[in-house]
Amino acid sequence: MAASAKSSEERKKCPFCHLSYQFSSSLSKHVKEKHSNEKSVKDSHVFCNLCGSMVLSVAKLIEHLNQSHNKEIKITNHEFRSIDKFYEWKKGEESHSKSFYVKNSASRMQGLNRKSYYYCNRSGVVRQSKEKRQRAPKVQGSSKTNEYCTAHMTVIEDTITKMVKVTYCSHHSNHKPEVCHLRVPDEVKNAVAAKLAEGVTIERILDDVRDSVTGTIEREHLMNRQDVHNIEYKLNLQSIEKHQNDHS
């Protein structure tokens, strides 16, 4: 009986009917064939990694974890006088939690309000390139975990009053905080760009960055040559004449 109960719990449940399946691929096929009108589910591929249940969205995943697995994932509400104040708060939250939130799609207008969604940069699946020439993999690996993280921000900006309301879930799931998967801060990029424009060599820039470590390791302390080349490329500094001793 115990083995049968366990087997039943591990089956993947359809969010629209009573059916369940042993494999995620079978559930996906069922949803596509029988519930094709539910576009949000058909396109989401958001699964609970604890039981395999398919859910509509990250918000539904949080609801599922709280109700079915006795998790206590809290949602908090915040208000800001302007979008700049929100960005300032967001930057502080990212620094404190060693995380980074990105927009997966453009903002949308809802009446006089502009609505935006920010998700944890570790959330989602690795995209397979269709190009014949494949990009070299990152040294630290992809930031994507091939699963969905519950951390997110829903931002509503009043275009008249400029007030900003934020619904925030700070709980991260399916990954650990890893500095190597964050982005180099803009102020560090600007400082590196200024040195490149002055003709400072990449080796000297990297040495200075590593010498600046005094305690906690931050993303900029893990910079490598590719990071510097990316900054150089994005800021169009390739045409600037380098220092005469920069053999690279």
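In this predicted model, helix α7 and helix α8 (residues 225-234) pack at an angle of about 115°, and their axes are 10 Å apart. Axes are lines fitted to C-alpha atoms, for helices over the stretch in contact, and angles run from 0 to 180 degrees between N-to-C directions. Helices (H or I, at least four residues) and strands (E, at least two) are DSSP runs, numbered from the N terminus. The crossing of α7 with α8 is right-handed; a crossing counts as right-handed if the near helix is turned clockwise from the far one by less than a right angle, and as left-handed if anticlockwise. On the α7 side, Ile202, Glu203 and Leu206 meet Arg225, Val228 and His229 of α8, contact meaning heavy atoms within 4.5 Å. Three of these residues are nonpolar, one is polar and two are charged. In this division Ala, Val, Leu, Ile, Met, Phe, Trp, Tyr, Cys and Pro count as nonpolar, Asp, Glu, Lys and Arg as charged, and the others, Gly among them, as polar.

Helix α7 (residues 202-211) also packs with helix α6 (residues 186-198), at an angle of about 145° and with axes 10 Å apart. This crossing of α6 with α7 is right-handed. Val192, Lys195 and Leu196 of α6 and Ile202, Ile205 and Asp208 of α7 make the contact. Its residues comprise four nonpolar, no polar and two charged.

The largest nonpolar core has 13 residues, and Phe86, Trp89, Met153, Val155 and Val166 have the most contacts inside it. Such a core is a set of buried Ala, Val, Leu, Ile, Met, Phe, Trp, Tyr and Cys residues joined through side-chain atoms within 4.5 Å. At least two of its residues come from each of α5, β8 (113-120), β9 (152-158) and β10 (164-169), with β10 giving the most, three residues. Another core, of 12 residues, lies apart from it and includes Ile202, Ile205, Val209 and Val228.

Ser97 is in helix α5 (residues 83-97). With a relative accessible area of 23%, Ser97 is partly exposed, the classes being buried under 20%, exposed over 50% and partly exposed in between (1.4 Å probe, protein chains only). A polar atom of the Ser97 side chain lies 2.7 Å from the backbone oxygen of Glu93.

Residues are numbered from 1 along each chain as its sequence is written. Local features need pLDDT of at least 70 and side-chain atom pairs count only at pLDDT 80 or more, whereas totals for chains, interfaces and linings use all residues; side-chain values use heavy atoms, with hydrogens and water left out.

How values were computed: A polar contact is a pair of N or O atoms within 3.5 Å; within protein, one must be able to donate a hydrogen and the other to accept it, and residues adjacent in sequence count only if both atoms are side-chain atoms.
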